[in-house]
Amino acid sequence: MSKPLLNHRVITPLTLAVTSALCCQSLSAAPTQSDYGGVGLMQMPTARMSPEGEFAFNVNYVDPYIRGAIAVTPVPWFEGVIRYTSVENRLYSSHPDFSGGQSYKDKGFDAKFRLWKESYYVPELALGFRDIGGTGLFSSEYVAASKRWGNFDFTLGMGWGYLANGSSIKNPFCAIKDGACNRPGWTPSDSDRGGKVGFENFFRGEHVGLFGGLEYQTPIEGLSLKLEYDSNDYQNEALNNQFSQSLPINVGAVYAWGDYVNLNLGYERGNTVMAGITIRTNFQTVPNQIKLDAPPEPLKEQTPQATEYNADELVTALSESAGLDTEQIVLSQQSITVTGKQAKYRDRKDADNRVARVLHNRLPSSVNEFTVVETSEDIPLYQTTLDREQFLLEANNQLPPGETVEFAHASSLKEQQPNGEVTTTDIARTPYNVSLYPGLTQSIGSPETFYFYAISLHLAGEYQLTKKLKLDGIASWTIANNYDKFNYTVDGSTGAIPRSRTYIREYLSNSDLGISNLQLTYFDHYGKSLYAQYYGGYLEFMYGGVGGELLYRPFNSSVALGVDLNRVKQREFDRKFNFRDYEVTTGHASLYWQSPWYNINTQLSAGQYLSGDKGFTVDLSREFDNGTIAGIFFTRTNVSAKDYGEGSFNKGFYIKIPFDMMLTRSSTKYAAFNWTPLTRDGGQKLIRKYSLYDITKPKGKNSVSTHFE
């Protein structure tokens with residue numbers, strides 16, 4: 001889905017890399033990064049891929065370029081890179097009111113695909129695309145092969161585009177396809193086509209460049225040396241920025257300072273020093289932080305006689321020891337059903353073990369079946385049946401060596417038919433909750449200034465009016481921001497579509513105090529698989545109105561279908577209670593698919609957006625073993641690239657990291673980093689407070705696994 005402009009629990013890429021790296025255990029060695037970000041030598045790429053789940057944040061300087069990049073390897077055969085390049089000797093714009101003295105910034109996207117994995121005789125082979133979207137200052141395509149012998153890793157490759165500048169080797173495709181020799185060079189007008197993928201230029205050009213090099217792992221632990229032949233002579237740089245190359249050989253060194261930081265130093269073009277740093281972690285192999293939670297309850301000796309049932313003591317123990325916020329308890333002679341929300345433990349097996357211990361220690365031996373009905377927003381989702389006898393076999397180490405049992409089995413909701421007398425206890429809960437936390441609104445890469453920010457303090461409160469009806473809201477105090485520099489009107493916008501998001505300067509600059517959200521929400525479910533929410537109020541900091549969502553999601557199904565419909569009106573800039581004239585109907589039909597490969601989740605939605613434009617959004621995300629979620633999205637609508645403005649269409653990247661990856665206490669909450677290159681009006685969704693797909697997702701690590709029937 002299109003990610004919100006305002007996200008209250010956010011982290012920057014640097015914070016994300018540092019905290020997730022420093023908090024966790026050692027990583028295995030991974031290939032080193034290039035100047036551009038992504039695995040490579042220095043200026044030249046290689047066929048190597050980082051391990052699955054790798055995340056690297058890079059900053060490198062080689063005059064006149066400063067490059068900052070995020071490289072992610074979501075699956076073993078693909079690497080993606082998002083990069084910003086600051087051209088230090090060129091201004092972003094000659095218009096003094098637009099970008100002032102800011103240096104020229106270029107954003108780029110890279111993609112590399114592994115075609116063949118290295119074997120004893122055959123090298124690793126990869127196909128790559130550098131700077132495939134946007135202005136294409138450094139756009140190139142390449143095929144590379146890498147082979148390791150001992151401590152040496154050799155690479156040989158062929159490149160098109162930027163990697164072929166200065167080469168005299170004829171492009172072999174010129175003899176195959178008409179027009180293959182014609183590759184337009186960069187022109188100033190290309191700065192307006194950001195976001196477009198230059199498919200028409202792939203593997204075109206009069207020449208190709210041959211490059212190669214090696215990386216040597218020295219006997220000094222953590223130190224490797226690099227040597228490469230650079231296929232670019234730097235005489236065809238964009239922005240009329242040619243500079244001399246004394247030698248087409250680059251040399252460098254990489255020192256691994258601990259497991260998570262690489263320091264880079266090199267000498268390029270025979271006359272220029274390069275320096276950089278890489279901070280890395282791995283979302284697939286790095287475990288969560290060691291926890292200081294209280295250990296699970298020790299097992300107590302049980303007797304066949306019934307003991308007095310103390311509901312209050314049981315509810316307290318379930319909350320404190322098992323993280324389960326109990327809503328109802330149904331007890332019979334042979335079974336107990338506990339309905340509640342798991343609020344602390346993401347690891348499903350850990351949560352089941354803790355719940356089973358608490359119940360075993362307080363119930364007579366005649367109760368042989370424990371059932372936990374999991375809820376979210378008071379909606380019952382599914383149930384987990386814990387077999388007491390099987391649990392005790394495992395907990396008391398009474399299984400034969402190497403044998404395991406699955407004492408917990410999750411399934412769709414089933415009507416309970418207890419034997420004998422039944423005692424039902426509804427648990428009274430505090431109906432309100434108040435919290436105070438910081439927030440950050442950010443935008444990266446705008447022409448006016450590279451980084452827009454608004455630091456806020458949010459006071460959030462909620463009140464449960466009935467079991468299904470909730471009132472909640474967020475009051476915000478903007479402590480500091482620089483959105484007064486956001487100068488969209490100077491951009492030359494045609495005003496062809498209504499301004500749905502580019503009023504962000506007005507919303508964040510008109511008043512420091514405002515209401516970000518104040519709404520009534522009614523949650524319901526119809527049968528086992530159909531869920532609903534209906535809401536009204538000030539739905540987000542720019543819009544208020546009414547709406548609803550329906551979601552069909554069968555238990556343990558990989559497919560879900562949803563639809564939302566909203567009638568909203570634009571709020572006044574002071575974020576208080578009044579509205580502006582603009583109103584619109586917006587909503588989408590959505591298809592969700594959890595693929596069987598690599599735990600990749602796909603969401604395809606189509607409908608009408610806030611500016612009245614119609615189109616579709618594609619969202620692809622990967623959930624790694626430690627709970628981290630990384631994803632990308634893009635939206636295409638009937639708004640033309642010209643009317644949309646710089647960027648051409650809406651797109652972005654996001655990472656959600658579980659709190660307990662970084663903290664010493666267990667938690668089911670997440671921190672998020674959302675990156676959208678520019679604030680524009682096309683393809684913008686309403687920021688709905690609740691998503692039924694997220695609410696109904698089985699909570700916790702290993703939540704969809706062999707534990708489920």
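Mentor: In this predicted model, Cys174 and Cys181 are joined in a disulfide, with 1.8 Å between their sulfur atoms. In general, such a link is a covalent bond between the sulfur atoms of two cysteines. The structure holds one disulfide. The torsion about the S-S bond of Cys174 and Cys181 is 130°, which makes the link right-handed.

The strands may be taken next, starting with strand 16. Strand 16 spans residues 335–342, and seven of its eight residues are buried, so the rest of the structure largely encloses it. Its partners are strand 15 (residues 324–331), which runs antiparallel to strand 16 and is joined to it by seven bridges, and strand 17 (residues 369–376), which pairs with strand 16 in the parallel sense over six bridges. A hairpin of three residues leads from strand 15 to strand 16. From strand 16 the chain passes through helix 3 (residues 348–362) to strand 17, a β-α-β crossover that is right-handed.

Rolling a probe the size of a water molecule over the atoms shows where empty space is left. The second largest pocket has a volume of about 1100 Å³. Its lining comprises 34 residues, and those nearest its centre are Phe78, Ala111, Ile132, Leu620 and Ile632. Two or more lining residues come from each of strand 3 (65–75), strand 4 (78–91), strand 5 (103–116), strand 30 (614–623), strand 31 (629–637) and strand 32 (650–658). Strand 31 gives the most to this pocket, with five residues. By class, the pocket lining has 25 nonpolar, six polar and three charged residues.

As for cavities, there are twelve of 30 Å³ or more. The second largest cavity has a volume of about 110 Å³. It is lined by 13 residues, of which Gly37, Val39, Glu79, Asp110 and Tyr142 are the closest to its centre. Strand 4, strand 5 and strand 6 (124–130) each give two or more residues to the lining of this cavity. The largest share, three residues, comes from strand 5. The cavity lining has six nonpolar, three polar and four charged residues.

The backbone remains to be considered. Most residues other than glycine have a negative phi, and most peptide bonds are trans. The peptide bond from Asp63 to Pro64, by contrast, is cis, with omega near 5°. Pro64 belongs to the loop between strand 2 (54–62) and strand 3. Asp131, although not a glycine, has a positive phi of about 55°. This residue is found in the loop between strand 6 and strand 7 (140–149), and it counts as buried because its relative accessibility is 1%. Asn397 is likewise not a glycine and has a positive phi of about 55°. It lies in the loop between helix 4 (388–395) and strand 19 (408–411). Asn397 counts as exposed, because its relative accessibility is 68%.

Key
Residues numbered from 1 in each chain as written. Predicted model: local features only at pLDDT ≥ 70, side-chain atom pairs only at ≥ 80, totals over all residues. Heavy atoms only, no water. 1 Å grid on protein atoms, 1.4 Å probe; cavity = no way out; pocket = protein on both sides within 12 Å on 5 of 7 lines; lining within 4 Å. Points joined across faces, edges and corners; volume = space filled by probe spheres on them. Helix = DSSP H or I, 4+ residues; strand = E, 2+ residues; numbered from the N terminus. Nonpolar A, V, L, I, M, F, W, Y, C, P; charged D, E, K, R; others polar. Disulfide = S-S within 2.5 Å. Buried < 20%, exposed > 50% of the residue type's maximum accessible area, 1.4 Å probe, protein only. Pairing = 2+ DSSP bridges. Right-handed = clockwise from strand over helix to strand, strands pointing away.
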